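Visitor: I would like to learn how to read the features of a model like this one. Please take me through them one at a time.

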Amino acid sequence: MSATADHAEERTNPAARLGFQPGQVVQEIGYDDDVDQELREAIEGVIESDLVDEDYDDVADAVVLWFRDDDGDLTDALVDATTYIEEGGAILLLTPKTGRSGYVEPSDISEAATTAGLTASKSVSVGKDWSGSRLATPKAAKSKR
């Protein structure tokens with residue numbers, strides 16, 4: 001594939017835009033009937049394997065966390081998610097868009113991420129019903145200085 005094709009894929013494939021890489025182990029938390037199947041398939045296509053579920057008992061390179069307002073405490077969910085990823089890993093927090101059932105206020109996301117010790121590095125639209133926030137672990141944030 002040419003460099004131009006790589007750049008084109010990054011613009012059109014949300015999984016590539018979010019920084020997923022071939023060979024990564026990506027753990028999925030909060031899966032339910034309402035998740036964006038196209039995004040899941042795009043991530044699996046980029047990492048060249050299936051997402052692992054909540055029962056995976058090793059460390060992952062990244063976590064995809066589907067979270068809705070009625071799923072409980074977001075800070076707790078983020079703290080729990082950090083235990084699943086290796087140093088320098090990232091959490092992709094996916095929440096319903098404005099006006100959708102389960103919408104989470106951006107201020108709540110920011111507060112929960114800060115309390116959990118995470119740094120928000122990118123927010124993107126990842127589908128017609130979901131928004132994504134890429135959250136970095138503290139060690140990943142520090143290593144970029």
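Guide: Start with contact, which means heavy atoms within 4.5 Å. Leaving aside neighbours within four places in sequence, Glu28 is in contact with Arg40, Leu51, Val52, Asp53, Glu54, Val64 and Trp66. A caution on sources: this is a predicted model, where local features need pLDDT of at least 70, side-chain atom pairs count only at pLDDT 80 or more, and totals for chains, interfaces and linings use all residues. Residues are numbered from 1 along each chain as its sequence is written, and side-chain values use heavy atoms, with hydrogens and water left out.

Visitor: How many helices and strands are there in the chain?

Guide: Helices (H or I, at least four residues) and strands (E, at least two) are DSSP runs, numbered from the N terminus. Here the chain has six helices and five strands. Their order from the N terminus is α-α-β-α-β-α-β-α-β-β-α. Of contacts with a separation of 6 or more, 73% are between residues 24 or more positions apart.

Visitor: Is Glu28 buried or exposed?

Guide: Buried means under 20% relative accessible area, exposed over 50%, and partly exposed in between (1.4 Å probe, protein chains only). Glu28 has 7% relative accessibility, so it counts as buried. This residue lies in strand β1, residues 26–29. Of the 145 residues of the chain, 42% count as buried.

Visitor: What does the side chain of Glu28 join in a polar contact?

Guide: A polar contact is a pair of N or O atoms within 3.5 Å; within protein, one must be able to donate a hydrogen and the other to accept it, and residues adjacent in sequence count only if both atoms are side-chain atoms. The side chain of Glu28 makes one of 2.9 Å with that of Trp66. Asp61, in strand β2, gives another case: its side chain reaches the backbone nitrogen of Val25 at 2.7 Å. Asp61 is partly exposed, at 21% relative accessible area.

Visitor: Which residues of α4 are buried?

Guide: An α-helix has 3.6 residues a turn, so residues three or four places apart point the same way. In α4, Leu74, Thr75, Ala77, Leu78 and Ala81 are buried. Seen down the axis of α4, these buried residues fall within an arc of 160° (taken from the directions from the helix axis to the C-beta atoms), so they line one face of the helix. Their cover includes β1, β2, β3 (85–96), α5 (106–115) and β5 (130–136). At the start of α4, a side-chain oxygen of Asp73 comes to within 3.2 Å of the backbone nitrogen of Thr75.

Visitor: Which residues touch the most other members of the largest nonpolar core?

Guide: A nonpolar core is a set of buried Ala, Val, Leu, Ile, Met, Phe, Trp, Tyr and Cys residues joined through side-chain atoms within 4.5 Å. In the largest, of 20 residues, they are Phe20, Val26, Ile43, Val64, Trp66, Leu94 and Val126. α2 (14–17), α3 (37–47), β2 and β3 each give two or more residues to this core. α3 gives the most, with five. A second, separate core has 18 residues, among them Leu74, Ala81, Val104 and Ala116.

Visitor: What is the volume of the largest pocket?

Guide: On a 1 Å grid over the protein atoms alone, a pocket is an open set of points where a 1.4 Å probe fits, with protein on both sides within 12 Å along at least five of seven lines; lining residues have an atom within 4 Å of a point. Points are joined across faces, edges and corners, and a volume is the space filled by probe spheres set on them. Here the volume is about 250 Å³. Of the 18 lining residues, Thr95, Pro106, Ile109, Ser123 and Ser133 are the closest to the pocket's centre. α5 gives the most to the lining, with five residues.

Visitor: What phi does Glu48 have?

Guide: Most residues other than glycine have a negative phi. Glu48 has a positive phi of about 60°, although it is not a glycine. Glu48 sits in the loop between α3 and β2, and is exposed at 61% relative accessible area.
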